[in-house]
Number of protein chains: 2
Amino acid sequence: MKKTMRSTRGPRPGSTARVEGIDYGNLPVHFGYALKRAQIAAFEAFARATAGRPITPPRYTALVILEANPGISQTVLGEVLGTARSGAMMLTNWLVARGLAERRHRPDDARAWGLYLTRHGKAIVGRLKRSVWQHDQHFGARLGPAERRELLRLLGKLAP
Amino acid sequence: MKKTMRSTRGPRPGSTARVEGIDYGNLPVHFGYALKRAQIAAFEAFARATAGRPITPPRYTALVILEANPGISQTVLGEVLGTARSGAMMLTNWLVARGLAERRHRPDDARAWGLYLTRHGKAIVGRLKRSVWQHDQHFGARLGPAERRELLRLLGKLAP
DNA sequence: TATTGTTATACTCTATAACTATA
DNA sequence: TATAGTTATAGAGTATAACAATA
């Protein structure tokens with residue numbers, strides 16, 4: 001999350017800029033490639049929204065899910081994020097270590113934790129949501145209103 | 001790249017399936033989130049196309065770029081991939097170690113390498129391209145022809 | 001037996017920074 | 001001075017496998 005001067009020229013790492021004089025073959029007409037590039041561009045908007053904070057997309061998603069689904073278990077959180085349980089655990093560890101979330105014992109099942117945002121976590125996620133939403137909308141403004149609706153509809157058909 | 005039985009229930013890691021009973025808030029109407037989900041779905045098609053081979057998207061892109069741009073330098077390859085030079089170097093090391101690419105000295109600049117596919121690399125990338133293209137088209141077939149064109153157009157506006 | 005959380009481990013991707021050889 | 005490549009290091013994400021406690 002440090003801001004430093006770059007030591008070399010050219011597009012900065014993570015950039016989606018095309019390089020002059022390079023033959024990209026038919027990569028640009030692959031859905032996977034085009035989606036990946038658009039997703040990288042969207043991530044740049046996310047990075048601006050969370051600049052200076054160690055918040056990454058999975059961490060942001062976890063915070064939003066925890067806010068809307070208090071008491072959720074780590075296993076279910078992992079399913080929502082599409083990751084293995086071990087990943088959900090490390091993510092939870094990170095949130096707990098920073099005082100954003102807490103584990104509470106469940107009366108109904110001694111194996112599982114109930115996950116909750118702390119007061120601090122709720123405050124943080126509230127601010128984050130506003131900023132991420134604004135930057136995401138600004139990113140989408142490269143399209144017109146009808147185009148935005150159509151894009152979300154088409155993406156929804158690809159990933160139901 | 002090993003195929004084994006999973007030890008737990010639920011959607012497998014990497015899945016985009018929605019979890020029943022979970023409140024996703026307004027995540028689904030974020031462009032970044034929707035793009036990420038669609039990109040994960042597209043990656044699943046890529047993974048099927050390369051099943052059993054240790055080929056990842058960056059490695060595949062590098063192979064295609066090297067085939068179409070023989071003699072390219074590592075620095076330019078890094079710019080095309082949108083990564084730092086060190087990443088392009090490790091990627092090149094991997095390709096070279098597997099006999100897919102080779103470094104040749106340049107007569108015009110003793111600092112830079114010229115990167116080339118080997119005969120073996122050319123054969124591999126030829127087969128890979130067919131398989132990846134077929135699986136990508138099959139993935140895109142969830143949309144109609146007009147929808148496919150429109151999606152690529154909209155994605156092109158988001159990541160020019 | 002099955003599930004939850006945990007621990008251990010590994011691999012990929014990506015980045016920064018410092019170094020060298022050359023331009 | 002600037003650039004190409006290299007090396008070292010680090011963090012994040014993700015995966016599998018095996019284990020203990022609990023259901």
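1. Which residue just after α4(B) takes a positive phi? G99(B) does, at about 70°. The model is predicted: local features need pLDDT of at least 70, side-chain atom pairs count only at pLDDT 80 or more, and totals for chains, interfaces and linings use all residues. Residues are numbered from 1 along each chain as its sequence is written, chains are lettered from A and ligands numbered from 1 in the order in which they are written, and side-chain values use heavy atoms, with hydrogens and water left out.

2. Length of α4(B). Helices here are DSSP runs of H or I with at least four residues, strands are runs of E with at least two, and both are numbered from the N terminus. Helix α4 of chain B covers residues 85-97, 13 residues in total. The expected span is 1.5 Å times one less than the number of residues. That gives 18 Å, and the end C-alpha atoms are 18 Å apart, which agrees.

3. The buried face of α4(B). Buried means under 20% relative accessible area, exposed over 50%, and partly exposed in between (1.4 Å probe, protein chains only). The buried residues of this helix are A88(B), L91(B), T92(B), W94(B) and L95(B). Viewed down the axis of α4(B), they fall within an arc of 155°, so they line one face of the helix. The arc is taken from the directions that run from the helix axis to the C-beta atoms. An α-helix has 3.6 residues a turn, so residues three or four places apart point the same way.

4. Surroundings of α4(B). Contact means heavy atoms within 4.5 Å. The buried residues of α4(B) pack against α2 (57-68), α3 (74-81), β1 (101-105) and β2 (113-117) of chain B. On the face turned away from the buried side, the helix carries the exposed residues M90(B) and A97(B).

5. L117(B). This residue is found in strand β2 of chain B. At 7% relative accessibility, L117(B) counts as buried. Leaving out residues up to four places away in sequence, L117(B) touches L63(B), L66(B), E67(B), L100(B), A101(B), K122(B) and V125(B). The C-alpha atoms of L117(B) and G71(B) are separated by 9.1 Å, although the two are 46 residues apart along the chain.

6. T50(B). The residue sits in the loop between α1 and α2 of chain B.

7. Extent of the interface. Contacts join 64 residues of chain B to 65 residues of chain A. The area buried between the chains is about 5600 Å², with carbon and sulfur atoms giving 69% of that area. Buried area is the accessible area (1.4 Å probe) that two parts lose on being put together, summed over both. F31(B), E79(B) and L158(B) supply 13% of the area that chain B buries against chain A, more than any other three residues.

8. Polar pairs and the elements involved. Between chain B and chain A there are 14 residue pairs in polar contact, both residues at pLDDT 80 or more. A polar contact is a pair of N or O atoms within 3.5 Å; within protein, one must be able to donate a hydrogen and the other to accept it, and residues adjacent in sequence count only if both atoms are side-chain atoms. On the side of chain B that touches chain A, α1 (31-49), α2, α3, α5 (119-140) and α6 (145-158) each supply at least two residues. The largest share, 11 residues, comes from α1(B).

9. Salt bridges between chains. A salt bridge is a side-chain nitrogen of Lys or Arg within 4 Å of a carboxyl oxygen of Asp or Glu. The rule finds four across the interface of chain B and chain A. E147(A) pairs with R153(B), the closest N and O atoms being 2.8 Å apart. E147(A) lies in helix α6 (residues 145-158) of chain A and R153(B) in helix α6 of chain B, so the pair joins two chains. E147(A) is buried at 15% relative accessibility, whereas R153(B) is partly exposed at 39%. K157(B) also forms a salt bridge with E147(A), at 3.1 Å between the closest N and O atoms. K157(B) is partly exposed, with a relative accessible area of 34%. K157(A) forms a salt bridge with E147(B), again with the closest N and O atoms 3.1 Å apart.

10. The wider set. Over all chains the structure holds 12 salt bridges. E147(A), E150(B), R153(B) and K157(B) are linked in a network of them. D109(B) and R111(B) meet through their side chains in another (3.2 Å, N to O). R111(B) is exposed, with a relative accessible area of 76%.
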